[in-house]
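Here are my notes on the model, point by point. Please read them with the structure open.

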Amino acid sequence: MVFASIDELDSALASASYLADRGLATALYLSLQLEKPLLLEGEAGVGKTEAAKAIATALGAPLIRLQCYEGLDIAHAVYEWNYARQLLHIRAAQAGTVDEGELFGREFLIRRPVLEAIESEEQVVLLIDEIDRADEEFEAFLLEVLSDFQVTVPELGTIAARRRPYVILTSNRTRELHDALKRRCLYHWIDHPSVAREIQIVELRVPGVPERLAEQAARFAAELRSLDLQKPPGLAETIDWVRALSALGRQELDVENVEATLGSLLKYHEDLLAIRDEALAGLVAAARG
Amino acid sequence: MAEPSTAAPQHAVVRHVVFFGRVLREGGLEVGPRRIADALRGLDAIDLSRQEDVYWTLRQTLVARREDLEIFDRAFHAWFLRLATQPVLRPAQPPPPAGERRKGGAPGPGPELDGGEIEIGTWSRDELLRTRDFAAMTADEFARARVLIEEIAVGRPRRRSHRLRPDRRGSALDVRALVRASLATGGDPVVRAYRSRALAPRKLVLILDISGSMEAYARALLLYLHAARGSGRGVETFAFGTRLTRLTPELATRNADAALAAASKRVLDWSGGTRIGESLKAYNDEWGRRALTRGAVVVVLSDGCERGDPALVASEMARLARQAFAIVWVNPLKGHPEYEPLTGGMRAAFAHVDRLVSGHDLASLEALGTVLAGIERRHAA
């Protein structure tokens with residue numbers, strides 16, 4: 001096992017520039033220990049995808065990412081035949097001298113993320129991002145992969161994993177996932193970070209950020225999340241925003257700058273309309289403490 | 001890894017966890033033996049003296065849904081920390097009320113519904129029933145109507161799937177088949193095979209108003225929701241009076257009576273006031289934000305009699321309309337000849353509705369099915 005304790009994993013994540021809270025660190029640790037896939041759920045922007053990238057860095061393992069979308073199929077998730085090469089091959093070999101076995105050999109196979117992860121010689125992290133966007137048929141297929149870690153290509157036979165990939169799935173909960181899939185996974189719900197944690201994260205991710213700016217920005221973001229907005233800002237938005245402010249050379253928040261940069265924090269027109277004038281001034285004053 | 005159950009000091013832990021699993025099951029969580037085994041293996045891998053780690057380990061191995069976290073937390077506090085808390089036990093699924101409603105209209109095909117042969121007597125009876133207002137039905141008529149509702153609810157909007165399937169008149173070249181066929185011709189692609197996009201059911205979101213003014217129709221429409229839920233995947237159902245309740249899990253039960261009983265338990269404000277704007281807002285905030293609406297056909301079943309602020313109805317309908325593929329409004333009042341969409345809420349909503357249908361009798365629900373099956377694209381916003 002790579003990490004002997006949760007603390008050890010925690011500090012490895014920190015050196016990969018990812019500050020996990022105890023719950024997430026425990027989840028990642030257990031999923032490595034029990035060799036079970038980990039399902040991460042949470043609002044958009046709380047750092048689900050980042051967590052997978054960080055654990056890959058901490059493990060020193062390559063990250064293979066499968067971004068899911070409606071209509072994702074085996075040809076884009078697992079493998080596809082390289083038809084152009086196949087046709088050229090038949091041409092080059094002249095008629096009659098090519099048999100089917102040759103044509104559907106491994107050199108004509110295009111490996112997509114799932115097959116790539118299974119065929120890899122070394123331990124990899126397989127990130128299945130936003131699984132809730134894929135069709136339910138794909139979920140059923142994934143279930144098969146996650147229980148046996150093998151893939152069947154009709155022309156080649158079954159390819160089994162040499163080393164079990166370490167699997168992380170993320171979901172934004174646009175729909176409930178199948179119980180059978182959940183049963184295969186450990187489950188962790190990621191909440192928005194506390195203000196103190198968010199300050200730490202911002203300081204880590206935006207090097208050289210003025211301390212006061214990081215503090216005020218984190219408090220401002222937390223205030224926004226307590227309001228009734230259509231899309232409250234996630235951690236990723238706070239980081240982007242502080243980057244923008246920091247690039248402008250700001251030492252702390254003031255109404256004028258916040259007004260000019262609020263678009264990197266709030267992504268809906270209605271939200272931007274709701275946060276202006278007195279409301280904005282009040283929030284800035286509160287964040288400045 | 002050592003088998004935790006064999007080590008003597010671990011014995012108490014095993015018993016604790018097994019009992020704890022039982023507590024969670026009583027709270028409505030699905031905690032199977034596999035989860036218990038995971039929890040034990042997890043506890044084996046961590047430092048048991050750190051309570052926080054024990055908490056996370058149990059939570060991550062035993063809980064699989066966000067909704068269950070609160071129940072888990074309470075159970076954890078009560079069981080492991082011995083704190084006095086009010087247990088939140090979810091209502092168990094009630095047993096189907098045997099014989100009570102089944103006698104008149106048991107779901108499932110009666111003899112007259114098998115095949116294409118329809119008895120004349122039944123036909124004419126059903127034909128009369130088709131145009132009878134739900135509000136005016138007798139108990140017997142209603143029992144008959146519910147069987148028909150189940151038949152009607154199979155109409156579903158469809159979308160073009162990304163998946164391709166062989167189709168000789170398709171437009172996408174099936175290269176895999178072409179390569180195979182080219183083997184015989186020395187690499188010349190002579191035989192062409194085509195594929196086209198398959199049709200898949202489109203997401204369907206049904207939001208039912210069960211407030212006082214809808215009382216006469218709520219039961220029939222809830223049956224419609226139940227039947228629609230059973231029509232396949234991708235159907236989400238909600239009910240609202242003064243607040244929004246998601247009914248999808250409750251209506252998943254095949255038995256209509258049990259499903260309705262479960263749904264009724266879940267919904268607290270049957271026949272109360274109406275807050276359409278706030279309920280739509282709750283839907284948009286909780287479910288729309290998670291992109292449930294995106295690409296879906298949203299059906300709102302309500303008479304539009306809003307007690308709250310019509311401006312909120314308008315703005316929330318606008319939000320809904322921006323994300324939905326199309327919005328269908330089912331208003332039972334529309335069945336009345338003198339109806340005009342003049343109630344405050346309805347007028348506010350009207351601008352964002354693609355199709356308005358009535359839904360006060362079987363015929364209009366049939367029409368709804370046709371509308372849903374054929375719906376093309378949303379209105380030009």
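1. What is the order of the six strands in the open sheet of chain B? The order is β6-β5-β4-β7-β8-β9, with mixed pairing. Two strands pair if DSSP finds at least two bridges between them. Helices (H or I, at least four residues) and strands (E, at least two) are DSSP runs, numbered from the N terminus. β6 (244-246) and β9 (355-357) of chain B are the edge strands, and each pairs on one side only. On average, neighbouring strands of this sheet are turned by 20° against each other, direction ignored.

2. A word on the source. This is a predicted model: local features need pLDDT of at least 70, side-chain atom pairs count only at pLDDT 80 or more, and totals for chains, interfaces and linings use all residues. Residues are numbered from 1 along each chain as its sequence is written, while chains are lettered from A and ligands numbered from 1 in the order in which they are written.

3. Strand β5 (residues 235-240) of chain B runs antiparallel to β6(B), and three bridges join them. B:Phe238 stands opposite B:Arg246 in β6(B).

4. Helix α9 (residues 215-229) of chain B touches β4 (204-209), β5 and β7 of chain B. The direction of α9(B) makes about 165° with that of β4(B). Helix α14 (residues 362-374) of chain B lies across β7, β8 and β9 of chain B, at about 160° to β9(B). Axes here are lines fitted to C-alpha atoms, for helices over the stretch in contact, and angles run from 0 to 180 degrees between N-to-C directions.

5. α9(B) also meets a helix. Its axis and that of α7 (residues 139-152) of chain B come within 8 Å and cross at roughly 35°. In α7(B), B:Ala145, B:Arg146, B:Ile149 and B:Glu150 meet B:Ala220, B:Leu223, B:Tyr224 and B:Ala227 of α9(B). Contact requires C-beta atoms, placed from the backbone, within 7 Å. The residues of this contact divide into six nonpolar, no polar and two charged. Ala, Val, Leu, Ile, Met, Phe, Trp, Tyr, Cys and Pro count as nonpolar, Asp, Glu, Lys and Arg as charged, and the others, Gly among them, as polar.

6. Check helix α12 (residues 310-323) of chain B. Its 14 residues should span 20 Å at 1.5 Å a residue, and the end C-alpha atoms are 20 Å apart, which agrees. The expected span is 1.5 Å times one less than the number of residues. The buried residues of α12(B) are B:Val313, B:Glu316, B:Met317, B:Arg319, B:Leu320 and B:Ala321. Buried means 20 or more other C-beta atoms within 10 Å of a residue's own, exposed 12 or fewer, and partly exposed in between, with C-beta atoms placed from the backbone. The cover over these residues includes α11 (276-288), β7 (297-301), β8 (326-330) and α13 (344-350) of chain B.

7. Now chain A. It has 15 helices and nine strands. Of its 289 residues, 41% count as buried.

8. Two residues of chain A deserve a look. Phi of A:Ser17 is near 60°, a positive value in a residue other than glycine. A:Ser17 is found in the loop between α1 (6-15) and α2 of chain A. A:Ser17 is partly exposed, with 14 other C-beta atoms within 10 Å. Phi of A:Asp277 is near 50°, also positive in a residue other than glycine. A:Asp277 is found in helix α15 (residues 277-288) of chain A, and is exposed, with 9 other C-beta atoms within 10 Å.

Methods:
Two residues are in contact if their C-beta atoms, placed from the backbone, lie within 7 Å.
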